[in-house]
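Me: Hello! I am new to this structure and would like a close look at one part of it. Could you then lead me outward from there?

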Amino acid sequence: MNAETSVHKAAPRPRHWRRELVELAALFTAVAVADAVANTVAHGPGGPELLITSAVLLAATAGFHVWWSRRHGHAPPPLDTGTGAEPVTREGGGATVLWRMRTTVRDEPGSLAALCGALARHRVDILSLQTHPLAEGTVDEFSLRAPASLEAGALTRAVAAAGGSGTWIERADAHDLVDPPARILHLATRTALDPAELPLALRELLGRCAIRSLPAGKAAQGAEGIHDGEGGPGTVLRLHTPEGDVVTAERAYLPFTPTEFARARALLALDARLGPRLPGGAEVYTLPRGEAVTVERAGQGDLDEAKELHARCSPATLARRYHGPVRDADRYLAHLLSPRHGRTLAARTASGRLVALGHLLWDGEETEVALLVEDAWQRKGVGSRLLERLVAMAAEARADSVYAVTQASNTGMVAAMRGLGLPLDYQIEEGTLVITARLAGYAPDAAGHVRVRGTAGEGHGRG
């Protein structure tokens, strides 16, 4: 199997045979129109002027298309997460829904009581409450159960009338009702067992946000703490690691509080105190041709072996994997093997020789898979086994999807993604193919193979 993905992304969109038929009809129509225009130009006056005008219009349209596609990025399309849980019926009758709400109140006696009274008058139950003290005022975070007939706008207006300001609200589900101290202890345990859990634990601790880690050589200089971002004041949180890396968390609208900063810093300090570590355990797989390979977690301690793997790979394999100059390939390894950027699997032969690497990369709010297989071990099933294990790990981390960035000519990676048996979306943009696998209904069997519950298999995408 050839090498597979890079850091560039595109936005997969579904494609169906009806759209292809419409596009084919549009193509024939365009040819007929072009023929009519050509006849008009050849036999009518003002032919050159008409051609020049058409060229200008086409150039303007192409320029607008390029500007529009770059403005809207190349990430896989986000899944809809704003619908929340379905309404449930309260014991006394009447459907209810769950909400998460934050609002800022004055730091003076009676402020919280007035807010609670306003919620009670609308028959809203307060299920949990956390306070985040500020220099001026207090941010109160609520888990609420409200009548399904009470709209979010009416709820926020009631809170504003009771003295709340800067109110933020979204639908919640049962997972948001977990006791906060218990949830924090669970996240600390996950981080202690596996350093690659740190970005995921931070994302769960801080709510819906994008977590990124910048290597020491590329990390922007600046003080640790909460900083202004494009979304508004205090929407970017920065944390320095002992190695000099900078971990950032960014939310679009909801500002971070000093309490959240202290919690995130404590989690990062725990990770640093425990030092380099990897969870144990290895799995031995027999490939279709009879060879046996051992798959286990890899980390920065495997950097030298990974460089030797690069040296054995052909320039074409490295170019397909990294989508850039081959001489720069080794520079990516320290980043890829860092647990703060994701998880890495290594495939070794019976003699212990490293022949393939598989990466599961935390990319903000997205999850990327990437493979590098030594030339002599391509087309033997090594990449497929690594990919299946990476997808299983992504599902365990509750990722909604994974995407791979490759080239349309890389049939090995395309076949491996198709072999997952998951619904796939495709898009080609500027010579790059992005394949996104949706994980809804995913279930691994006892051997770690991917199985899909209640799906029709592969979907269609734009290609």
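Leaving aside its neighbours within four places in sequence, which residues is Leu127 in contact with?

Reply: A word on the model comes before the answer. This is a predicted model, in which local features need pLDDT of at least 70 and side-chain atom pairs count only at pLDDT 80 or more, while totals for chains, interfaces and linings use all residues. Residues are numbered from 1 along each chain as its sequence is written, and side-chain values use heavy atoms, with hydrogens and water left out.

Now to your residue. With neighbours within four places in sequence set aside, Leu127 is in contact with Leu98, Ser143, Leu144, Arg145 and Leu177; contact means heavy atoms within 4.5 Å. Leu98 is 29 residues from Leu127 along the chain, and their C-alpha atoms are separated by 9.4 Å. Leu127 sits in strand β3. Helices (H or I, at least four residues) and strands (E, at least two) are DSSP runs, numbered from the N terminus. With a relative accessible area of 33%, Leu127 is partly exposed. Here buried means under 20% relative accessible area, exposed over 50%, and partly exposed in between, using a 1.4 Å probe and protein chains only.

Helix α3 covers residues 111–121, and its buried residues are Ser111, Leu115, Ala118 and Leu119. Looking down the axis of α3, these buried residues fall within an arc of 100°, so they line one face of the helix; the arc is that of the directions from the helix axis to the C-beta atoms. Ala113 and Arg121, on the other side of α3, are exposed. Just after this helix, Arg123 takes a positive phi of about 60°.

Let us move on to strand β4, where Asp140 lies. Asp140 is buried yet has no salt bridge, and the nearest side chain of opposite charge, Arg102, is 9.7 Å away. A salt bridge is a side-chain nitrogen of Lys or Arg within 4 Å of a carboxyl oxygen of Asp or Glu. Apart from residues up to four places away in sequence, Asp140 touches Met101, Arg102, Thr103, Val105, Leu112, Leu129, Gln130 and Thr131.

What does Arg102 pair with? Arg102 forms a salt bridge with Glu260, and their closest N and O atoms are 2.5 Å apart. Arg102 belongs to strand β2 and Glu260 to helix α7 (residues 258–274), so this pair ties together parts that are 158 residues apart in sequence. Both partners are buried: Glu260 has a relative accessible area of 3%, and Arg102 is at 5% relative accessibility. In general, side chains of opposite charge can pair when their charged atoms come close.

The whole structure holds 24 salt bridges. One of them joins Arg348 and Asp302, at 3.1 Å from N to O. Arg348 lies in strand β12 (residues 342–348) and Asp302 in the loop between β11 (292–298) and α8 (303–312), so parts that are 46 residues apart in sequence are tied together. Arg348 and Asp302 are buried. There is also a network of salt bridges linking Arg190, Asp194, Glu197, Glu204, Arg297, Arg343 and Arg398.

Finally, here is a look at the nonpolar side chains. A nonpolar core is a set of buried Ala, Val, Leu, Ile, Met, Phe, Trp, Tyr and Cys residues joined through side-chain atoms within 4.5 Å. The largest one has 38 residues, of which Leu360, Val369, Leu386, Leu387, Val402 and Met417 touch the most other members. Helix α11 (residues 382–396) gives the largest share of this core, seven residues. Setting aside residues up to four places away in sequence, Leu386 touches Val295, Leu345, Ala347, Ala356, Leu357, Gly358 and Leu371. A second, separate core of 18 residues includes Leu206, Ile211, Leu237 and Phe261. In soluble globular proteins, nonpolar side chains tend to be buried together.

How values were computed. Lys and Arg count as positive and Asp and Glu as negative; His and the chain ends are not counted.
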